Amino acid sequence: MKDEEIVKLYFSRSEDAISETALKYGNYCNYISQNILHSKEDAEECVNDAWFAAWETIPPQRPQNLKTFLGKLTRNISLKKQEKYQAAKRGGGHVSIVLSELEECTASDSSIEDHIDYAVLTECINSFLSSLPSLNRMIFVRRYWYVSSISEIAEQYNISESKVKSILFRLRKRLKKHLGKEGFFI
């Protein structure tokens, strides 16, 4: 079923919207959540919460890209759950490691949201990503959006782990420089 048809099901408040969403995007959203939580049961719970969140927000929202919309819902819900685990000294800190790698690109005293408009930052990062060669962009997105491990990325792109680490290091430096040029002072 096409995304537009699924969104129409949400707007008509048909319960088929959830089943069609799960059929089309269940594996995608589970992948995102499992990379963050490393627990099949917790990932399933977060994905179900994402379906509920989609039900609650469509309408009035009409996502332009349903896959991205659902991925973002799933990722945010999973990150919140992982944050609770970490506060309780569970979860192994995998996500904290990934997110801490990007700390050098953001303000250290407070969150970015306290200082800048989120939409402008998003556009700036999208501009940076679009300027990258395809492989570098895919590696960056796999690491910082899908929270994939270095070894998973290396295996998927058939390169060494040290090369992945090197690429990510250089990309973080370039992102920091790019953000600085755009007026986001670090």
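This is a predicted model: local features need pLDDT of at least 70, side-chain atom pairs count only at pLDDT 80 or more; totals for chains, interfaces and linings use all residues.
Trainee: What makes up the protein, helices or strands?

Mentor: The protein has nine helices and zero strands. From the N terminus on, the order is α-α-α-α-α-α-α-α-α.

Trainee: Why is α1 called roughly antiparallel to α2?

Mentor: Start with the angle. The axes of α1 (residues 3-11) and α2 (residues 16-37) cross at roughly 150 degrees. Angles over 145 count as roughly antiparallel. Therefore α1 is roughly antiparallel to α2.

Trainee: How close do the axes of α1 and α2 come?

Mentor: They come within 8 Å. The crossing of α1 past α2 is left-handed.

Trainee: Which residues make the contact between α1 and α2?

Mentor: From α1, D3, I6, L9 and Y10. From α2, D16, A17, I18, E20, T21, K24 and Y25.

Trainee: What share of the residues counts as buried?

Mentor: Of 186 residues, 42%. To count, a residue must have under 20% relative accessible area. The protein exposes about 11000 Å², and carbon and sulfur atoms supply 51% of that area.

Trainee: What share of the contacts joins residues at least 24 apart?

Mentor: Take contacts between residues at least 6 apart in sequence; 63% of them join residues at least 24 apart.

Trainee: How do you know how confident the predictor is?

Mentor: Look at pLDDT, which runs from 0 to 100. The protein averages 85, and 81% of the residues score at least 70.

Trainee: Where does pLDDT stay under 50?

Mentor: Over residues 110-116. For that stretch the model has seven contacts beyond four places in sequence.

Conventions:
Residues are numbered from 1 along each chain as its sequence is written. Side-chain values use heavy atoms; hydrogens and water are left out. Helices (H or I, at least four residues) and strands (E, at least two) are DSSP runs, numbered from the N terminus. Buried means under 20% relative accessible area, exposed over 50%, partly exposed in between (1.4 Å probe, protein chains only). Contact means heavy atoms within 4.5 Å. Accessible areas come from the Shrake-Rupley method with a 1.4 Å probe; for residues, only the protein chains shown count as cover. Axes are lines fitted to C-alpha atoms, for helices over the stretch in contact, and angles run from 0 to 180 degrees between N-to-C directions. Angles under 35 degrees count as roughly parallel, over 145 as roughly antiparallel, 65 to 115 as roughly perpendicular and the rest as oblique. A crossing is left-handed if the near helix is turned anticlockwise from the far one by less than a right angle, and right-handed if clockwise.
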